[in-house]
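Hello,

Here is the structure I said I would pass on.

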Amino acid sequence: YEPVQLAFNSVEPDVCSKDKAPILFVHGLTASKEQWCDIPEIIAKATNRKVYAVDSRNHGDSPWSDVFNFDCNVDDLLSFMDSIGAPKAIIIGHSMGGITGMKTALRAPERVEKLVVEDISCRKIPQPILEMVLLYVSLGQAALEQVPTDVDEDTARQIIFDAVLRGLPQELKLLAKPENANFRVQLKRSPEGRWIFKSNIGLLMKALKNSKELMTEPTGVYEGPACFIYGKLSPFLVGLDEENIRKHFLNAKMVGIDNAAHSVHSDCPRKFTDALLNFLRA
């Protein structure tokens, strides 16, 4: 397979140090570059660096491909860095994007100046977690088919969120935050005028069901600065995996955020941004 050309948004601050490595934000499964809201702008201004938020393959505005796994995402990101003339970058990744960041740092450590991983561990994702993600996606797909064509995007997102919430088991309902519903569902209009997901949901669901092909076990060592920011309410339990994380990331810093679940940057944006800047400025 060939790397795909990733779609992106970029932010160049008024005072931009051209000699500094850019910062790349990489989203999680089923999300897109818009999920970071105003965080890229805040980070660009605070660090005087150019910032890019990319869409992974089969997500957002990037091309769809029949090939999808967490290793080809690394090829795509390295190809993107080549295309913008960046020999090195700071990578900030959430969930799947965190896996992309980790695997990029482990495969090509000379190309990663610093790494920030949001709420994901350095190991193959356990089957119960994959099944939980598949449940979310399946409920969302079923809900989408019930959304009327004459509602606006915010209303469509809220209908989907409400339906997903009704279908979740009680322990997962407690982790869902209604005020963040609009940031977790990325929609667009089909040629027929119906609301559809921006992501290639059919292929992503197929990938989630085939976990052996989706992700290989991480290998290698990254000696550069790395920061693992995780939600203390998250079912991903990143804080319990510190010993394993440090086998691969020798200089890992662990930052647990109170009152945050899996999407720390949307559950607690101020705390997330503060933790990010503390690490980037160190």
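**Cysteines**

Cys268 is buried, with a relative accessible area of 11%. Its sulfur lies 14 Å from the closest cysteine sulfur, which belongs to Cys37, and that is too far for a bond. Keep in mind throughout that this is a predicted model.

Is Cys37 buried or exposed, or something in between? Cys37 is partly exposed, at a relative accessible area of 35%. For the sulfur of Cys37, the closest cysteine sulfur is the one in Cys268, again 14 Å away. A disulfide is a covalent bond between the sulfur atoms of two cysteines. To be counted as one, the two sulfur atoms must be within 2.5 Å, so the 14 Å between Cys37 and Cys268 rules this pair out. A search of the whole structure finds 0 disulfides.

**Helix α12**

Helix α12 covers residues 269-281.

**Asp241**

Where is Asp241? Asp241 sits in the loop that runs between β8 (222-231) and α10 (242-248). Although it is in a loop, Asp241 is buried, with a relative accessible area of 8%, and buried here means under 20%. Its side chain makes a polar contact with the side chain of Ser121, at 3.5 Å. Setting aside neighbours within four places in sequence, Asp241 is in contact with Ser121, Cys122 and Arg123.

**The two domains**

The chain is divided into domain 1 (8-125 + 216-281) and domain 2 (127-210). The contact between them takes 24 residues from domain 1 and 20 residues from domain 2. Their centres, taken over C-alpha atoms, are 23 Å apart.

How much area do domain 1 and domain 2 bury between them? The figure is about 2000 Å², and 63% of it is on carbon and sulfur atoms. Of the area that domain 1 buries against domain 2, Thr30, Trp64 and Ile125 supply 25%, more than any other three residues. The size of an interface is often given as the accessible area lost when the parts come together.

Regards

Terms used. Residues are numbered from 1 along each chain as its sequence is written. This is a predicted model: local features need pLDDT of at least 70, side-chain atom pairs count only at pLDDT 80 or more; totals for chains, interfaces and linings use all residues. Side-chain values use heavy atoms; hydrogens and water are left out. Helices (H or I, at least four residues) and strands (E, at least two) are DSSP runs, numbered from the N terminus. The expected span of a helix is 1.5 Å times one less than its number of residues. Buried means under 20% relative accessible area, exposed over 50%, partly exposed in between (1.4 Å probe, protein chains only). A polar contact is a pair of N or O atoms within 3.5 Å; within protein, one must be able to donate a hydrogen and the other to accept it, and residues adjacent in sequence count only if both atoms are side-chain atoms. Contact means heavy atoms within 4.5 Å. Domain bounds come from an automatic or database domain assignment. Buried area is the accessible area (1.4 Å probe) that two parts lose on being put together, summed over both.
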